[in-house]
Amino acid sequence: MDLNYQIRAFYDPVLLQENNVLNNMLDEDAEFQIITPYLDPKNIHTRTQIQLNPKFRQIITAWLYDVTESLNRERGVYSLSVTLLDMFLSQRNESIDKKNYQCYASACFLLASKLRESCPLAARKIIEFTEFYVELNAMLQAETEILMTLEWKLSVIIPEDFVDIFVNLVLTEQGVYFGVVEAMDGVSNKGKKLCVISPTTKVILQEIKKMLTFFAQEYEIWCKFKFSIIAGVSVLITIKYYVNYFGRENIPEGFSYEKAEECLRKVFEFQIELFERALKEMEKCIIDELKPEVPPMIPSIPSIPSLKGSSNASQ
C-alpha cells in the first residue's frame, strides 16, 4: 500500500458559494491576532527573539518550502508551519538559541502535516532534510513545547483557505462559474453534484498559492496583514501578471483585473485602507524581487537543503 497516496476531495459548491461561509471566515480572521512584532527590526524594545532577525527567518522558511516541494506536501502545510512557528516565537517569553531555530521549524512542519494531511509526514523524514543536524528526540521535545506554549490552539485559518472562495467569487461576479458535474464513480456518490474547475482556472489557482509561498517568507508581509487580505491581494497580483505577461486576449473569461479588484474591494469595504496599503506594499515587494529581463509568474524561491553553517545569517 502506498502511504503517500492521498485522496483529494472535489470542490464543494456550498463552501464556495455560501456568503455565510466567507463571512464566518472573515470574522474569525479579524479576531485572530497572529503575531506580536517579535522580530521588529525597527524597534529593538519590542523584539522578544533577540538572536533572530527577518533575514534568518527568510532562510528557515525557504528551507521549509524546499521540504514541502521535495516531499510533495500540501501547500497549506507550508503556510501553517510558518504561521505556527511565528505564533510560537511571538508567545515564547524567552529568546530561543538560533542554533535551535531549525529544530522548532521542523516541529512546526510536523504539526502542520498532522493537521492538514490525511497521511501525515513521518518525523524521521523531516530529520533527513536537516542532514541529521536536528535529532529526533529534540524535535519531539520541541513539538511538546510548542503545543504547551500555544495551548493546543493550532487550527487557524491560513491564506490558502480564502483563495478558492475569492477566485470563485471573482468569476461568478462576471458570469463565469466553476463547473458542476454529476458524479460517475462510486455508489456513495451516485447522483450527487460535484464541483470541478477548468484546467486554466486550476493553473491560476496554483500560481496564486505559489504567490502566497513567496509572501510567507516576507516577515513584513506575513506578520503584518490579515491572512484574508494577503489572500485577496495575491489573487489580484496573480491576475495582473497573467494579463501583462500573456496578453489580455489570452486570458480566460472572467479574469479581468479591474473587475476582480472591484469585486474584492466590496469584500474588504470595511478594511479598505488596510487592503489598499497591503496591495501597494505586496506589489512593491514583488516588483523589487523580479528581474526585468525574465518576467516569471512569481519570484524564484531558493532551495536550501540544510541550515548547517547558516549561523552567519543572523549577523
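Biologist: Are Trp222 and Phe227 buried or exposed?
Modeller: Trp222 is buried, and Phe227 is too (buried is under 20% relative accessible area, exposed over 50%, partly exposed in between, with a 1.4 Å probe and protein chains only). This is a predicted model, where local features need pLDDT of at least 70 and side-chain atom pairs 80 or more, while totals for chains, interfaces and linings use all residues. Residues are numbered from 1 along each chain as its sequence is written, and side-chain values use heavy atoms, leaving out hydrogens and water.

Biologist: OK, rings then. How many aromatic pairs are there?
Modeller: The count is 8, where Phe, Tyr and Trp (six-membered ring) pair with centres within 6.5 Å, and planes under 30 degrees apart are stacked, over 60 edge-to-face, the rest tilted. Among them, Phe56 and Tyr101 are tilted, at 5.4 Å centre to centre and 50° between the planes.

Biologist: Which parts does that pair tie together?
Modeller: Phe56 is in helix α3 and Tyr101 in helix α5 (residues 101-116), so the pair joins parts 45 residues apart in sequence. Helices here are DSSP runs (H or I, at least four residues), numbered from the N terminus. Both Phe56 and Tyr101 are buried.

Biologist: What about Thr61, buried or exposed?
Modeller: Thr61 is buried, at 0% relative accessible area, and belongs to helix α3 (residues 54-70). Beyond its neighbours within four places in sequence, Thr61 contacts Tyr78, Val82, Ala216 and Gln217 (heavy atoms within 4.5 Å).

Definitions and conventions
Helix = DSSP H or I, 4+ residues; strand = E, 2+ residues; numbered from the N terminus.
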